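Student: I have a model open here and would like to go through how its parts pack together. Could we begin with the interior?

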Amino acid sequence: MANIACFVEKYNFTDPKEAKALENFKFTAEKLGHNFNFMFRENLLEIPKYDAVFIRATTDPLFTAYIVSKTAWENGLRVVDDPKSIQICGNKIHLYSLFEKYDVPRIPTIIVNKDDFHHKRILEIFRTFGRPVVVKAPYTSFSRYVEKVACETSFREVAKRFFRKSDVLAVQKFTPTAFDWRVGVLNGEVLYICKYMVPKGRWKHGAKRRGKPSFVWGRTVSLKKENAPVGLKETALKACRVVGNGLYGVDIKEVDGNYLVVEVNDNPSIYAGQEDLRNKDVYEKIIKYLTD
């Protein structure tokens, strides 16, 4: 029997589908004979008491979740997400450099430095990728700090805001698709596969509502992993191998039969009725990974 801590924040229980998924994790762990306790930030001193830590709160090297991960790792606990994965996935510039080094099929990307951002450089990017292009800050999650620009004026305006977060930005070729593949991977094996649909009139799965701080999200269509294209699964596994052996959600675009990785995310969303819909063993596999 193992003692598992699941680090969460209050917001993890605001969406009924995520709250239900957390219940499913607890139910599955207890059915397998383990203790499963939700741990909040006021209980961090209790980390050494556990055998494993599962993080569901949003990860970022500057967030509490990273402290939880690093503390658990240093105490020899099994932890998902591990600190190395959080560091790599939390910095898109580092992630894209690894994709290039290990020849992972990917969306064409140019890295732009703050000191190298000028008129000629902007024109060069537009000549290379066409218009529009997608601009990303290195530290993004849930589609934040990812914007599309089609002219030099808007490019400069977005870059000015993003350069407040980082001296380096990623610029990618705009690749519109009706959906992005999301492949969940755990320990080098495909865990689940979904299509994250792009809402009508939008260009990405999560898009900000006009004039409001909230987001509108597209539908999630789940597939049995056995029925998904082999090339899709191979591409996702290759992308994860450059990051680690933890739990990841790989975003992939399909263009003319080719699979291009957009990014690898640690701490991927798992909502009841979505990622688990066609792959009911998601919960058991993650609990067993934490306890074996």
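Student: Which residues touch the most other members in the largest nonpolar core?
Tutor: This is a predicted model, in which local features need pLDDT of at least 70, side-chain atom pairs count only at pLDDT 80 or more, and totals for chains, interfaces and linings use all residues. Residues are numbered from 1 along each chain as its sequence is written, and side-chain values use heavy atoms, with hydrogens and water left out. The largest nonpolar core has 31 residues, of which Phe99, Val183, Val250, Ile252 and Val264 touch the most other members. Such a core is a set of buried Ala, Val, Leu, Ile, Met, Phe, Trp, Tyr and Cys residues joined through side-chain atoms within 4.5 Å. Buried means under 20% relative accessible area, exposed over 50%, and partly exposed in between, with a 1.4 Å probe and protein chains only.

Student: Which element gives the largest share of this core?
Tutor: Helix α4 does, with five residues. Helices (H or I, at least four residues) and strands (E, at least two) are DSSP runs, numbered from the N terminus.

Student: And what does Val183 touch?
Tutor: Leaving aside residues up to four places away in sequence, Val183 touches Val190, Tyr192, Ile193, Leu232, Ala236, Tyr248, Gly249, Val250 and Ile252. Contact here means heavy atoms within 4.5 Å.

Student: Changing topic, how do α5 and α6 pack?
Tutor: Helix α5 (residues 119-129) and helix α6 (residues 152-162) pack at about 110°, and their axes are 11 Å apart. The axes are lines fitted to C-alpha atoms, for helices over the stretch in contact, and angles run from 0 to 180 degrees between N-to-C directions. The two helices α5 and α6 are therefore roughly perpendicular, a term for angles of 65 to 115 degrees.

Student: Which residues meet there?
Tutor: From α5, His119, Ile122, Leu123, Ile125 and Phe126 meet Glu152, Phe155 and Arg156 of α6.

Student: What about α2: which of its residues are buried?
Tutor: In helix α2 (residues 64-74), Thr64, Ala65, Tyr66, Val68, Ser69 and Ala72 are buried. These buried residues pack against β1, β2, β3, β4 and α3. After α2 comes Gly76, whose phi is positive, near 80°.

Student: Where is Pro61 found?
Tutor: Pro61 is in the loop between β3 and α2. With a relative accessible area of 30%, Pro61 is partly exposed.

Student: And what does Pro61 touch?
Tutor: Not counting residues up to four places away in sequence, Pro61 touches Tyr66, Ile86 and Gln87.

Definitions and conventions:
Angles under 35 degrees count as roughly parallel, over 145 as roughly antiparallel, 65 to 115 as roughly perpendicular and the rest as oblique.
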